[in-house]
Structures are given as C-alpha cells and as structure tokens.
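Let's take a friendly walk through a protein model together.

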Amino acid sequence: ALLTLPSHALKVILTTRIHPRRLSLVEPVHQVYLPLDQGLVSPFAENILCEMDKDGRIGLRDAPQELLSEARERTQGNPRALEHLYAILATDREASLEQILSNTSELMPSEVVDVLVGEAFNRLDRPAQLVMQALSVYGHPVTATAINYLLVPYQPAIDSAPVLKRLVNRQFARSDAGRYYLHQVDREYALGRIPPGEPSDIEPSGSPPFSLVALWDRAADYFEQVRLPRAQWKKLDDLEAQLLQIELRCAAGDHDTAASVL
C-alpha cells in the first residue's frame, strides 16, 4: 500500500532473513535493497566499536585505527560480533582487543562470531549465565518475573532484575517495554549449553533436573499461570500466554497437554 501511494515522505525499513521477492516486484523504483551479508564497511564498523566505549575505559574509543580495522576485518563487520568484542572487554578488564583478535587469528571469519559468543558467555558469572539460559529457554521476550519463576528451583534466592540490567548494558541481552530477550546467535549458544534431558524430567520425583525438557515444561507452567481468564479474551494478543504455552509444551515433548490447551 505504501509503495503504490502518491509521493509521500514516509520511509519504511524492513529487515528480513528471507528476500521478499514478491514485494520487490511492486514499484521497484521506489525501493532500495541493501544486502547485509558482508556486514558493515569502514568506517561504520570502527565507529560502532568506538561509540560503545563512550568513556574510553576499555580501550576501544582511543584504540589505534589499524587495530580497529583489523577488528572489522576479523568480524567481517558483523554488528553482533562487534557487540561481542565490546562485551568481552567490558566483562574482563584484563583482556585487550589485541589478545582477543590473536585468539581468533586462525579462524575463518564466518566462525569468529561463534567463538566470540562462547568467549563472552564463559566470562560471565554463574547467575548471569543462568539468566541468559532462561531467556534462551523462553525464546520470546519475557519479564524478570518470568525469569525468576523459571530459575527458583535452581537458585532459590534469584533476583534477575539487576542481572538483566547488567546484561543489557553489556550488549548480551535486549530489552523492550520491560521484557527481555536474546539475539538469535546468543540464544542458540546458551540453549546448546543445557543438557537435553529425558521425557521423565517433566514429572520428576524430586527437584527438577537442569535440562531442556524440565525447563521448557516449567516455562510452560509459568504461562499457564499468567494467562487471562476466558471472559477477558477480546483479541488475539489476549491468547499470547496460551500460544506460548503450546509452543513450550511441544518443545518439551508433552504433546497431549499442548493439544488440550489448543
């Protein structure tokens, strides 16, 4: 509709992993396609590194241009990889940009992001790692209350709010209107650090094991508790908790319960 309207000043930016071929055939003269496969070019990648280190405490703001250029080349200008460089240095003040780049010097650029995700994750303390893993289990933006509910069996005194704030400040997590979530790259890594588990983990005799099956099941329990009463269902958004519960029950292999919710 916007493309076929008379001339106007509204600009829309659409990001997608799949090229919208049908859309690209509609008024192509009014569209600009910007492939981001190769990441940011100079000086934009270097600028991002410098701007994240606003006070210059971790050495990026005043780093030599040659070193910043090498960081761009090693990461192929991938914005997420650049954020992870910053996160590693912000977490471990003894690390330097030169050391991090030397640790990845033998890797192909396409593998650098995965290595940086792992390095950044491993430098976090255990509570922060648990919170990231909880975010990865939900797979959707959730509140600190949801994180606390999921982790109580494993960390009874958990208070995820300050941890989440710290993760956002260090570029590990994102926030939107009081809900928190992970970049897909970080989610896949954090999820991969959790043992898969067994179907019997859904109804353990004692404390639930720290496994994907048990965590998905408990995350579904959370949405079962917070869903709106039937009388308040007015639009599709009012069924968000049920839809997420179905998704998590299926992930845990509990298809019968998912079907009953549906």
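At what angle do helix α8 and helix α11 pack, and how far apart are their axes? In this predicted model, α8 (residues 144–151) and α11 (residues 212–226) pack at about 130 degrees, with their axes 9 Å apart. That angle makes α8 oblique to α11, because an angle counts as roughly perpendicular from 65 to 115 degrees and as roughly antiparallel over 145. The crossing of the two helices is right-handed. On the α8 side, the contact is made by Thr-145, Ala-146, Tyr-149 and Leu-150. On the α11 side, Leu-215, Arg-218, Ala-219, Asp-221, Tyr-222 and Gln-225 take part. Sorted by class, the contact of α8 with α11 has six nonpolar, two polar and two charged residues.

Helix α8 also packs with helix α7 (residues 126–138). Here are the two pairs side by side.

| Helix pair | Angle | Distance between axes |
|---|---|---|
| α8 and α11 | about 130 degrees | 9 Å |
| α7 and α8 | about 105 degrees | 10 Å |

Where does the second pair fall? Helices α7 and α8 are roughly perpendicular to each other, because angles from 65 to 115 degrees count that way. From α7, the residues Leu-130, Val-131, Ala-134, Leu-135, Val-137 and Tyr-138 meet Ala-146, Ile-147, Leu-150 and Leu-151 of α8. What classes do the residues of this contact belong to? There are ten nonpolar residues, no polar ones and no charged ones. Ala-146 and Leu-150 of α8 are named in the contact with α11, and Ala-146 and Leu-150 are also named in the contact with α7.

How confident is the predictor? The chain has a mean pLDDT of 91, and 99% of its residues reach 70 or more.

Now turn to helix α3 (residues 65–75). Which of its residues are buried? They are Leu-67, Leu-68, Ser-69, Ala-71, Arg-72, Arg-74 and Thr-75. The cover over these buried residues includes α2 (44–52), α4 (79–91), α5 (97–103) and α6.

Next, find Asp-217, which lies in helix α11. Is Asp-217 buried or exposed? Its relative accessible area is 8%, so Asp-217 is buried. Apart from neighbours within four places in sequence, Asp-217 is in contact with Ile-202, Arg-249, Ala-252 and Asp-254.

Finally, look at some backbone details. Most residues other than glycine have a negative phi, and most peptide bonds are trans. Gln-76 is not a glycine, yet it has a positive phi of about 55 degrees. This residue follows α3 and sits in the loop between α3 and α4. With a relative accessible area of 36%, Gln-76 is partly exposed. Gln-171 also has a positive phi, of about 70 degrees, although it is not a glycine. Look for Gln-171 in the loop between α9 (160–169) and β1 (174–176). Its relative accessible area is 22%, so Gln-171 is partly exposed.

Which form does the peptide bond from Ser-42 to Pro-43 take, cis or trans? The bond is cis, with omega near 5 degrees. You will find Pro-43 in the loop between α1 (21–24) and α2.

Note on methods:
Residues are numbered from 1 along each chain as its sequence is written. This is a predicted model: local features need pLDDT of at least 70, side-chain atom pairs count only at pLDDT 80 or more; totals for chains, interfaces and linings use all residues. Side-chain values use heavy atoms; hydrogens and water are left out. Axes are lines fitted to C-alpha atoms, for helices over the stretch in contact, and angles run from 0 to 180 degrees between N-to-C directions. Helices (H or I, at least four residues) and strands (E, at least two) are DSSP runs, numbered from the N terminus. Angles under 35 degrees count as roughly parallel, over 145 as roughly antiparallel, 65 to 115 as roughly perpendicular and the rest as oblique. A crossing is left-handed if the near helix is turned anticlockwise from the far one by less than a right angle, and right-handed if clockwise. Contact means heavy atoms within 4.5 Å. Ala, Val, Leu, Ile, Met, Phe, Trp, Tyr, Cys and Pro count as nonpolar, Asp, Glu, Lys and Arg as charged, and the others, Gly among them, as polar. pLDDT is the predictor's confidence in each residue, from 0 to 100. Buried means under 20% relative accessible area, exposed over 50%, partly exposed in between (1.4 Å probe, protein chains only).
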